[in-house]
Amino acid sequence: MNFEQLPLHDAILGLIDIDWDGAFVKLNLQVFIEITKPVEPYQLKFIGVTNFSCTRDNEWGPSNSVLEVNIVDDEYQLQMQSGDKILIKADDFEFKYSGL
């Protein structure tokens with residue numbers, strides 16, 4: 001599945017973990033895989049990270065939910081419903097279930 005097809009609209013962002021030595025960033029998310037079912041824990045991991053930036057200004061009001069995602073060249077972009085953006089330049093990503 002390509003990045004822009006991930007079911008991340010309305011996903012709830014929790015912890016962001018940056019591993020400097022390993023050059024990866026992990027986002028812990030609660031994701032609505034199926035609209036009629038409860039959220040499920042997933043991890044979005046970016047591999048070969050060369051740049052990470054994130055705002056938390058809450059320009060549109062406080063929210064920890066994802067609005068949309070895009071990729072431009074090698075930059076992964078997550079637009080939050082707060083108006084904030086998470087920008088990550090990386091070689092690749094992994095999206096996997098992180099529950100039991």
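The text that follows takes up a pair of charges, then a patch, and finally a loop residue.

This is a predicted model, in which local features need pLDDT of at least 70 and side-chain atom pairs count only at pLDDT 80 or more, while totals for chains, interfaces and linings use all residues. Residues are numbered from 1 along each chain as its sequence is written, and side-chain values use heavy atoms, with hydrogens and water left out.

Side chains of opposite charge can pair when their charged atoms come close. A salt bridge is counted when a side-chain nitrogen of Lys or Arg is within 4 Å of a carboxyl oxygen of Asp or Glu, and the count by this rule is 1 salt bridge. The side chains of K37 and E34 form it, with 3.7 Å from N to O.

The table gives relative accessible areas, where buried means under 20%, exposed over 50% and partly exposed in between, using a 1.4 Å probe and protein chains only.

| Residue | Relative accessible area | Class |
|---|---|---|
| K37 | 43% | partly exposed |
| E34 | 40% | partly exposed |
| E94 | 36% | partly exposed |
| T50 | 64% | exposed |

On the surface, D73, D74, D91, D92 and E94 gather in a patch of negative charge; such patches take residues with over 30% relative accessible area and no salt bridge, and like charges are joined within 9 Å. E94 belongs to strand β8, residues 92-97, a strand being a DSSP run (E) of at least two residues.

T50 sits in the loop between β3 (40-47) and β4 (51-54). Along the chain T50 and G83 are 33 residues apart, and their C-alpha atoms are separated by 24 Å.

Terms used: Patches are made of residues with over 30% relative accessible area and no salt bridge: like charges are joined within 9 Å, nonpolar side chains (Val, Leu, Ile, Met, Phe, Trp, Tyr) within 5 Å. Accessible areas come from the Shrake-Rupley method with a 1.4 Å probe; for residues, only the protein chains shown count as cover. Lys and Arg count as positive and Asp and Glu as negative; His and the chain ends are not counted. The place of a charge is taken as NZ of Lys, CZ of Arg, CG of Asp or CD of Glu. Helices (H or I, at least four residues) and strands (E, at least two) are DSSP runs, numbered from the N terminus.
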